[in-house]
Amino acid sequence: MKARVTVTLKNGVLDPQGKAIEGALTSLNVAGVKSVRQGKVFDIELAGTSPEQAEAVLKDAAEKLLANTIIENYRIEVGAD
Amino acid sequence: MKAAVVIFPGSNRERDVARALKLVSGREPTMVWHADHELPQGTDLVVLPGGFSYGDYLRCGAIAARAPIMDAVRKHAAGGGLVIGICNGFQILCESGLLPGILQRNVGLKFLCKDVFLKVERSDTPFTRGYNAGQVIRVPVAHGEGNYFASAETLEQIEKEGRVLFRYTDVDGKRDAKWNANGASNAIAGVLSEKLNVLGLMPHPENHVEESIGSTDGRGLFAGLVAHFAQAA
């Protein structure tokens, strides 16, 4: 089963990298960019589990390692092909 | 003072800190591998050195914080044992939950490698008894992710509890954004755990312990620890 965990910075947490990317897009004349926040995507393959089990496993993975919940939020999508 | 220095894959300041410990305490520290499950018997002080453990993959210190030896370090700290994390070691302590907050990318995005001034906020801890409260010391920093961040509530709590041990200031001990180059919240350079026995700091006191380098301002930290254990013995 395929799944995806997306980790993003919480609102209000400073993102210097996002700011730099935002500045670079502006200097490339990409029009209409108001702001950029950088995050991470983890594509994970799980050995034959039910969607419910997969959700639980990924929550465990996100809490234990993938995200630092002091500054980051995470979102789990199961069965994303 | 029986010190143990933990080596992770990608640590690179372990010999600097081992050299400083030997020089000041007269005793060679034991080097401990990250995959070990136990610290040497009778360890007084655990040091997590600087470097780039696991290539800074995922987040700085995130993977090292989950290494087998960290359970032993947690146990040591829970029993009141002293722990210091320097630079990457500080990042590892934050990621392991032994210290509050997290170290983020420097505000200017640049890797900073230079001397900074630190104000020693209090001298009544085992880590700073070699200094006077309010003393300003000059030590080097070398990091890309040293921008200390914690929630507003956490910052309020650690300030109230006197857990900010070192702060970036100017040469006179005054806070100034210009001298807080990585953008750390409240100009925090070093922070203590709730029981004041775990210290994390971004700068490298171990690199300023010899006259030939031009400064011995870092020596007080190691000398203070030696005095602490000499008194305890």
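Two residues are in contact if their C-beta atoms, placed from the backbone, lie within 7 Å. This is a predicted model, in which local features need pLDDT of at least 70 and side-chain atom pairs count only at pLDDT 80 or more, while totals for chains, interfaces and linings use all residues. Residues are numbered from 1 along each chain as its sequence is written, and chains are lettered from A and ligands numbered from 1 in the order in which they are written.

Chain B contains an open sheet of nine strands with mixed pairing, in the order E2-E1-E3-E4-E11-E10-E9-E6-E7; strands (E, at least two residues) and helices (H or I, at least four) are DSSP runs, numbered from the N terminus. Strands pair if DSSP finds at least two bridges between them. The edge strands, E2 and E7 (136-143) of chain B, each pair on one side only. E7(B) pairs with strand E6 (residues 112-120) of chain B in the antiparallel sense over eight bridges, and B:Lys119 stands opposite B:Val136 in E7(B).

Helix H1(B) lies across E1, E2, E3 and E4 of chain B, running at about 175° to E1(B); axes are lines fitted to C-alpha atoms, for helices over the stretch in contact, and angles run from 0 to 180 degrees between N-to-C directions. The buried residues of H1(B), those with 20 or more other C-beta atoms within 10 Å of their own, include B:Val17, B:Leu21 and B:Val24. Seen down the axis of H1(B), its buried residues fall within an arc of 160°, so they line one face of the helix; the arc is that of the directions from the axis to the C-beta atoms.

Helix H3 (residues 88-95) of chain B lies across E3, E4 and strand E11 (198-201) of chain B, at about 120° to E4(B).

Methods:
Buried ≥ 20, exposed ≤ 12 C-beta atoms within 10 Å, placed from the backbone.
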